[in-house]
Amino acid sequence: MTTDRSARTSGVSRAELIADTAIALLAGRGMRGLTHRAVDEAAGLPPGSTSNHARTRAALLELALRRHAAREARALTLTEMPDLAAGRDALADALALALHRTLTDHRELLVARYELALEATRRPELRKIYDEEGRAFREPLIALMAAAGSATPERHALSMIAWGEGLMFLCAAGAYHAEVPGREELRERIGELLRGVLGQ
């Protein structure tokens, strides 16, 4: 686990360290394992440090969720999506890269997200943030589907998201956790899905 000193030298703020540690605890111990004391101990921080940044459990969860969304945006390579005019092959390749990177390098983020998603069903304040962050992922894909020729881009974007989410769950926490597909296989499957929803 990253220490406070190493976090400072690497440019990570204490608030980010706390949030990153909370994410790691969610992935490793589940929601019941996330406490202010556990974050302090795992991050190598003085007792009470987490409470100073997030006084309540709700505040700690919000801090973790917002940090999680920022990290997942980098993992899913939203900034690396192709130009809207690049065509379906470029879109399939970009989506395959995003999925493969997430499944191979960022499985901890996936598991933590499932914990946060379930908790959001019980906490309206967390649900609002979760949905807001979700739109940041959904809206670019809707635009890309429209550019790819979809007459109903929102519906087709939902189909792509549902497929991707299902695959990520299966490979991160489900029956295929030991059988992560390669990037080329993902690209082929995404190409098939695009042809299915958009036509040949």
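Leaving aside its neighbours within four places in sequence, with which residues is Arg113 in contact? They are His68, Glu72, Tyr130, Glu165 and Met168, where contact means heavy atoms within 4.5 Å.

The model is predicted, so local features need pLDDT of at least 70 and side-chain atom pairs count only at pLDDT 80 or more, while totals for chains, interfaces and linings use all residues. Residues are numbered from 1 along each chain as its sequence is written, and side-chain values use heavy atoms, with hydrogens and water left out.

The protein has 10 helices and 0 strands; helices (H or I, at least four residues) and strands (E, at least two) are DSSP runs, numbered from the N terminus. Of its 200 residues, 42% are buried, meaning under 20% relative accessible area with a 1.4 Å probe, protein chains only.

Arg113 is placed in helix H7 (residues 107–120). Arg113 counts as buried because its relative accessibility is 9%. Its side chain meets that of Glu72 in a polar contact of 2.7 Å (a pair of N or O atoms within 3.5 Å, one able to donate a hydrogen and the other to accept it; residues adjacent in sequence count only if both atoms are side-chain atoms).

The lining of the largest pocket comprises 31 residues, with Leu76, Phe137, Arg138, Ile161 and Glu165 nearest its centre. Helices H5 (57–75), H6 (88–105), H7, H8 (124–147) and H9 (153–172) each give two or more residues to this lining, and H8 gives the most, 10 residues. The classes in the lining are as follows.

| Class | Lining residues |
|---|---|
| Nonpolar | 21 residues |
| Polar | 3 residues |

Conventions:
Buried < 20%, exposed > 50% of the residue type's maximum accessible area, 1.4 Å probe, protein only. 1 Å grid on protein atoms, 1.4 Å probe; cavity = no way out; pocket = protein on both sides within 12 Å on 5 of 7 lines; lining within 4 Å. Nonpolar A, V, L, I, M, F, W, Y, C, P; charged D, E, K, R; others polar.
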